[in-house]
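Here is a note for a colleague who is looking at this structure for the first time. The points below go from the overall fold to helix packing, a loop and a pocket.

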Amino acid sequence: MLSGRRLDLLDPSPLDIEIEDIAHGLARVARWNGQTIGEHAFSVAQHSCVVEEIAAHIKPGLEPKWRLAALLHDASEYVIGDMISPFKAALGMNYKGFEARLEDAIHVRFGLPPKSPPPIKTLIKKADRACAFFEATQLAGFDRAESLKIFGSPPPGYDLVIEPLPAPVAQARYLERYRVLAEAVGLIPAPDAWHTE
């Protein structure tokens with residue numbers, strides 16, 4: 001990793017996971033394998049920020065730790081990339097087990113339970129699919145009817161116009177959302193906590 005950490009992919013340690021590595025990697029991983037319109041790819045970092053926002057829209061008052069789980073829902077892709085779902089299915093259980101070990105280590109690193117409770121997993125999946133609906137119709141050439149059939153309807157009262165960001169901007173926004181949520185759950189001190197009177 002750029003941080004200098006060495007991550008054992010077969011036995012990932014939470015101690016070798018850094019948010020800066022995650023943000024850097026995710027900002028450079030393209031959703032839809034880059035098969036989208038526009039000057040910039042729609043990155044997994046930008047996607048993750050939107051999923052966190054949609055999850056909070058679906059469930060107002062969502063605890064910051066579960067918002068953090070939503071932000072980190074694709075964090076493993078900073079190492080393994082964003083494989084399309086049909087390919088993941090074709091690879092089978094070995095791949096899913098590999099991905100699950102990495103996701104568990106990421107959760108532990110950031111103070112979350114290794115496995116999110118089922119209602120939280122369901123909420124994040126719903127937000128993920130809603131984001132995919134907007135991506136499909138605005139960036140990937142799907143018509144609305146096809147997107148509705150595959151991804152379902154976006155949540156009532158939520159709309160999104162996607163503007164894919166350059167990688168450095170997506171990286172900075174991801175890190176900013178992380179910092180806000182990490183402060184809210186007590187993982188890092190608030191900036192003014194450093195000042196003493």
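1. The protein has nine helices and zero strands, where helices (H or I, at least four residues) and strands (E, at least two) are DSSP runs numbered from the N terminus. Read from the N terminus on, its elements follow the order α-α-α-α-α-α-α-α-α.

2. Please keep in mind that this is a predicted model, in which local features need pLDDT of at least 70 and side-chain atom pairs count only at pLDDT 80 or more, while totals for chains, interfaces and linings use all residues. Residues are numbered from 1 along each chain as its sequence is written, and side-chain values use heavy atoms, with hydrogens and water left out.

3. Along the principal axes, the C-alpha atoms of the protein fill a box of roughly 55 × 40 × 35 Å. A compact globule of 197 residues would have a radius of gyration near 16 Å, and the 17 Å of the protein agrees with that; the radius is taken over C-alpha atoms, and the globule rule is 2.2 Å times the number of residues to the power 0.38.

4. Two packed helices are described by the angle between their axes and the distance between the axes. Helix α1 (residues 19-26) packs with α9 at an angle of about 145°, the axes being 8 Å apart; here axes are lines fitted to C-alpha atoms, for helices over the stretch in contact, and angles run from 0 to 180 degrees between N-to-C directions. From α1 the contact (heavy atoms within 4.5 Å) takes in I19, E20, I22, A23, H24 and L26, and from α9 it takes in Q171, Y174, L175, Y178 and R179.

5. By class, the contact of α1 with α9 holds seven nonpolar, two polar and two charged residues, with Ala, Val, Leu, Ile, Met, Phe, Trp, Tyr, Cys and Pro counted as nonpolar, Asp, Glu, Lys and Arg as charged, and the others, Gly among them, as polar.

6. Helix α9 also meets α2, and the axes of these two helices come within 8 Å and cross at roughly 35°. On the α2 side the residues are A45, Q46, S48, C49 and E52, which meet A170, R173, Y174, R177 and L181 of α9. These residues divide into five nonpolar, two polar and three charged.

7. The loop between α1 and α2 holds W32, whose phi is near 60°, a positive value in a residue other than glycine. N33 is placed in the loop between α1 and α2 and, although not a glycine, has a positive phi of about 50°.

8. Which residues lie nearest the centre of the second largest pocket? They are Q46, C49, V50, E53 and R173, out of 15 lining residues. Two or more lining residues come from each of α2 (44-58) and α9 (167-185), and α2 gives the most, with five. The lining has eight nonpolar, one polar and six charged residues.

Definitions and conventions
1 Å grid on protein atoms, 1.4 Å probe; cavity = no way out; pocket = protein on both sides within 12 Å on 5 of 7 lines; lining within 4 Å.
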